Amino acid sequence: MIKRSFIGITAPRLTYEVIEEAPAEPMTVRPAKRITLLMDAPMEKTSGVLLKSGDAVQQGQRLQLFENNAFPCTISPVAGKITSVEPFLGMMERPMTAVAIDLEGSGDQDKDTAFKEVSKTAGLAEAGTFFRDLPGRPDFSVFNQPDRPVKTIAVMGTEQDLVAVTQQYVIGTNIAGVKSGIDALRKITGVQNIQLVIYPHMVQVANSSGAGIKTVDLQYPAGSRDMVRMALAAKQEKGTEVAFFTAEAAVAMGAALQTGELPVDKLVTVVKKDGTRQLVKAPVGTHISDILEAVRQSVESGDRVVLGGPMTGHAVFSLDQPITPETDTLVVQNHSDIPEFADTPCTNCGSCVRVCPVNIPVNELVRYMDAGEYEQAAENASLFACIECGLCAYVCESRIPILQFIALAKHAVQRLKAAEEENA
């Protein structure tokens with residue numbers, strides 16, 4: 001866990017956590033009374049919604065919000081009764097739908113005959129339908145670009161942020177499951193060039209995965225998807241794409257195809273206030289409050305709970321917020337350890353420029369964003385080249401929340417472009 005201030009005199013060398021010895025078995029956490037599933041689909045109207053309050057659901061049952069297959073479905077990780085289906089705003093006003101399910105019943109796995117029928121012959125269309133909300137959230141949308149075919153798949157055994165050990169644990173304890181997932185990806189996609197991305201100390205275990213091995217440095221953010229994409233670009237054919245899947249997602253897909261049942265438990269690294277880690281396994285949709293209670297971590301007034309890690313994660317406003325298929329890390333920060341941000345103007349010290357891994361003129365970018373000139377930031381200061389690693393905010397002497405400003409600027413530009421296209 002990062003304990004130093006977000007003000008750095010020299011460029012920091014931040015390194016990923018390393019599992020050198022086999023960690024303890026993850027703690028199994030079960031929701032106390034209710035879960036909440038966040039569906040990546042806007043609920044702009046109530047007519048035509050298939051899910052209703054009072055509907056009974058079984059564990060493993062696919063839940064479809066609308067009849068239109070263009071909208072994604074999700075998987076119920078528990079047996080119970082739907083108590084509410086409501087609009088939910090995610091990060092940057094992302095329209096979603098929250099489905100609350102009260103627990104009841106035996107929790108038997110739903111015998112999804114539709115999945116069982118396609119599990120042995122699943123292709124891209126079926127994978128996109130059935131696998132989207134598995135732990136790790138496998139994303140097959142990149143395969144829908146015929147002008148940019150996927151020639152390489154990267155299975156990520158590295159972490160997206162600091163302090164997490166989720167993917168390392170999967171590699172270290174279930175390499176056979178990772179291999180099954182890699183075999184499944186070859187079968188589903190037809191792509192033969194699959195690279196397992198790992199840290200150097202994981203090579204011996206990873207050699208039995210059946211994939212090529214790509215090692216990355218332990219210095220952050222070398223293990224992020226954007227940095228790996230750039231590292232693979234030199235060997236990539238022009239006009240082609242790289243598809244990314246986590247090691248956990250690969251294991252989930254392999255298990256689903258082998259057993260005909262859809263995995264529902266998510267592995268999460270919980271980092272407590274004192275910096276100690278606890279791996280937990282909980283159903284997708286489990287509330288943060290249930291997880292913190294299980295690991296005996298209290299939250300006081302002024303403390304901060306972060307989903308996603310200290311560098312790139314976002315603070316939650318309620319402990320009733322659930323973990324999602326993408327949640328690898330849950331960090332609890334004591335109020336006395338939280339770095340203070342400020343409205344102090346940029347001093348042009350250049351620390352952010354020196355530390356940027358993709359050489360963006362961050363000081364210029366900050367000035368455009370401070371003036372609300374978001375489109376100019378995109379055109380003149382490489383806004384969309386930013387990989388949002390958070391290093392610039394970490395070293396900023398003026399304590400400017402640069403990462404949040406960048407996310408806001410990207411969102412604003414995308415909204416402007418969408419409005420222009422709609423009115424064209």
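**Helices and cores in a predicted model**

Hi everyone, let's start with a helix pair: the axes of helix 4 (residues 175-189) and helix 7 (residues 247-259) come within 7 Å and cross at roughly 75 degrees. Helix 4 is therefore roughly perpendicular to helix 7, a label used for angles of 65 to 115 degrees. Their contact, meaning heavy atoms within 4.5 Å, involves residues including Gly 177, Ala 184 and Ile 188 of helix 4 and Ala 250, Gly 254 and Leu 257 of helix 7. The residues of this contact divide into 9 nonpolar, 5 polar and no charged.

A word on the source: this is a predicted model, where local features need pLDDT of at least 70, side-chain atom pairs count only at pLDDT 80 or more, and totals for chains, interfaces and linings use all residues. Residues are numbered from 1 along each chain as its sequence is written, and side-chain values use heavy atoms, with hydrogens and water left out.

Now, which residues have the most contacts inside the largest nonpolar core? They are Phe 131, Ile 153 and Ile 402, in a core of 88 residues. Such a core is a set of buried Ala, Val, Leu, Ile, Met, Phe, Trp, Tyr and Cys residues joined through side-chain atoms within 4.5 Å. Helix 7 gives this core its largest share, 7 residues. Apart from it lies another core of 17 residues, among them Met 39 and Val 85.

Finally, meet helix 13, 22 residues spanning 402-423. Its buried residues (under 20% relative accessible area, 1.4 Å probe, protein chains only) include Ile 402, Lys 410 and His 411. Among what covers the buried residues of helix 13 are helix 10, helix 11 and helix 12.

Methods. Helix = DSSP H or I, 4+ residues; strand = E, 2+ residues; numbered from the N terminus. Expected span 1.5 Å × (residues − 1). Buried < 20%, exposed > 50% of the residue type's maximum accessible area, 1.4 Å probe, protein only. Axes fitted to C-alpha atoms, helices over the stretch in contact; angles between N-to-C directions. Parallel < 35°, antiparallel > 145°, perpendicular 65-115°, else oblique. Nonpolar A, V, L, I, M, F, W, Y, C, P; charged D, E, K, R; others polar.
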